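Welcome! Here is a short tour for someone meeting this structure for the first time. Take a look at the sequence and the model, and then read on.

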Amino acid sequence: MSGFLSSSIARKFAMALSALFLIIFLIIHLTVNLTSVFSEDVFNQLSHFMGTNPLIQFGLQPVLIIGVIFHFVMGFVLEIRNKGARDVKYVNFKGAANSTWMSRNMVYSGLAILAFLVIHFIDFWLPEMNYKYIEGLPADSTRYYEELQHKFVPLWRAAAYSVAFVFLALHLLHGFQSAFQSMGFNNKYSSFVKALGKWYSIIIPAGFIFVTLYHHFNH
Amino acid sequence: MNLTLKIWRQKDSKTKGQMVEYKVTDISEHMSFLEMMDVLNEQLVAKNEEPVAFDHDCREGICGMCSLHINGEAHGPDRGITTCQLHMRMFHDGETITIEPWRAKAFPVIKDLVVDRTAFERIQQAGGYISVNTSGNTQDANGIPISKHNADKAMDAAACIGCGACVASCKNSSAMLFVGAKVSQFALLPQGKVEATERVLNMVKQMDEEGFGNCTNTGACEVECPKGITLENIARMNREYLSASMKG
Ligand code: HEM
Ligand code: SF4
Ligand code: FES
């Protein structure tokens, strides 16, 4: 890594920027998911729009994928470098005395999210790509709801998704406010950012869990 | 109090070290932690053994020399203090206390509990100063108006004694609290503005070259810092750095 990204602070900044992008993306994703609970029609229309609009398909989707990959690759790079910055470990290190579990285990909550993302891609993204671009099946704006419901019938999937969202909550409980600090935002509004982060980190994953369980129990 | 001490012993920077157990008896709870170490060393000297090497100087919390990672925390269990200000009353009779040097690749052990913190000096030399013209025409600092708010914040940042507890407590061995404080104490004052761009770029560059880790905002440093340096200083350094990078 050369240039701007070779410095520690720039890496933090890029990390925070990709994270903020993901935070905004999650709001949109959850909004679409929630409509499936209220209206099959609205969900189908929104999914069809998301899946066929060229700006979203060929503009935003690649940005999102690159953003996710950048985020976790940079997360690993930082973790490995940071581990290396202490060659001899402490015999006794009381991390819990001065920091939260969430803040010390971002790479593990991140790994859980990454494992989920792999399953999630295999579950939804690959079949979509297959349907649209490989088999080139005719556009059908009514298929999404059924596909969704069908997916959450197996208990293992509903359970795995729910657990992953708990890890997402843990990741965000530290990450949300951390991203602001990384970007140099620390002032009289920071207590508001912290509170907002707490609400976001609980409500968004809880919303995803709700949709998952809703479809598991209602089909 | 009678105590069991588990202390890191290491002959020199090249030899591998290990934890060695010692017993001390009749320790007064009014003693400072370093006085307790003195008692141990007197015992060792009386037995013709090598005393434990540890750093100290002022013994009143102002020089930043004393270090020690005690029972898993920099400067031990108390808050807002250095090790020389740590009282034995924070411990109880019969306790086993682990004592380790600061651990960071950028702070190599010289002997026992003494580590080499000159990495901090090299960071300071990279930009932790202001250049003044000493021809006699320099404007009197007291004649330059500075807002009370900024003056206070600069003083708070300047309280950093360069002890390295932030690095020692950080799971990433990051020096960003120290560098954040050293950047901030100048960034907030008009005298510091002149060299602000090169200062932050050079100090951060040096910090990275020394091999310190990268901040992940766990906040451990702020909790363990004896001088109450806050994370606000890291955010200020980040802002200074990002805007300096734009200027090139
Ligand atoms: C949609 C999913 C995700 C969201 C919303 C998210 C959000 C965040 C946020 C807000 C931060 C704090 C950034 C900062 O302090 O500057 C962060 C840090 C981090 N993330 Fe994620 N993340 C996600 C997925 C992942 C994944 C898949 C990994 C894979 C391992 C990961 C690994 C990390 C690591 C290691 C950090 C700590 C890096 C640091 O603070 O320097 N994240 N994440
Ligand atoms: S910031 Fe605090 S802990 Fe770090 S060197 Fe300065 S005084 Fe010590
Ligand atoms: S010996 Fe000077 S601060 Fe402790």
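A polar contact is a pair of N or O atoms within 3.5 Å; within protein, one must be able to donate a hydrogen and the other to accept it, and residues adjacent in sequence count only if both atoms are side-chain atoms. With that in hand, an oxygen atom of ligand 1 is 2.3 Å from an N or O atom in the side chain of A:Ser178.

This is a predicted model, in which local features need pLDDT of at least 70 and side-chain atom pairs count only at pLDDT 80 or more, while totals for chains, interfaces and linings use all residues. Residues are numbered from 1 along each chain as its sequence is written, chains are lettered from A and ligands numbered from 1 in the order in which they are written, and side-chain values use heavy atoms, with hydrogens and water left out.

**Ligand 1**

- Ligand 1 sits between chains A and B.
- Around ligand 1 there are 26 residues, and the closest are A:Lys12, A:His71, A:His171, A:Ser178 and A:Ser182; a residue is near a molecule if one of its heavy atoms lies within 4 Å of it.
- By class, the shell around ligand 1 has 16 nonpolar, nine polar and one charged residues. Here Ala, Val, Leu, Ile, Met, Phe, Trp, Tyr, Cys and Pro count as nonpolar, Asp, Glu, Lys and Arg as charged, and the others, Gly among them, as polar.

**Ligand 2**

- Ligand 2 has 13 residues around it, with B:Cys160, B:Cys163, B:Gly164, B:Cys166 and B:Cys225 coming nearest.
- In chain B, α4 (165-169) and α5 (176-187) each give at least two residues to the shell of ligand 2.
- That shell has 11 nonpolar, two polar and no charged residues.

**Chain B as a whole**

- Chain B has nine helices and seven strands, and its C-alpha atoms fill a box of roughly 60 × 40 × 35 Å along the principal axes.
- Of its 248 residues, 53% count as buried; buried means under 20% relative accessible area, exposed over 50%, and partly exposed in between (1.4 Å probe, protein chains only).
- Chain B is divided into domain 1 (3-110) and domain 2 (118-135 + 143-247), with bounds that come from an automatic or database domain assignment.
- The C-alpha centres of these two domains lie 28 Å apart.
- In all, 18 residues of domain 1 of chain B are in contact with 19 residues of domain 2 of chain B, where contact means heavy atoms within 4.5 Å.

**Nonpolar cores**

- The largest nonpolar core has 40 residues, and B:Val179, B:Phe212 and B:Met237 have the most contacts inside it. Such a core is a set of buried Ala, Val, Leu, Ile, Met, Phe, Trp, Tyr and Cys residues joined through side-chain atoms within 4.5 Å.
- Helix α5 of chain B gives the most to this core, with six residues.
- Both domain 1 and domain 2 of chain B give residues to this core, so it lies between them.
- Apart from this core lies another, of 27 residues, among them B:Leu3, B:Cys66, B:Ile97 and B:Ile99.

**Single residues to look up**

- B:Asn238 lies in helix α9 (residues 232-247) of chain B and counts as buried because its relative accessibility is 3%.
- The side chain of B:Asn238 reaches across to the backbone oxygen of A:Ser182 at 3.1 Å.
- B:Asp26, in the loop between β2 (18-24) and α1 (33-46) of chain B, has a phi near 55°, a positive value in a residue other than glycine.
- B:Asp26 is exposed, with a relative accessible area of 67%.
- B:Arg59, in the loop between α1 and β3 (69-70) of chain B, has a positive phi near 55° and is partly exposed at 28% relative accessible area.

Terms used:
Helices (H or I, at least four residues) and strands (E, at least two) are DSSP runs, numbered from the N terminus.
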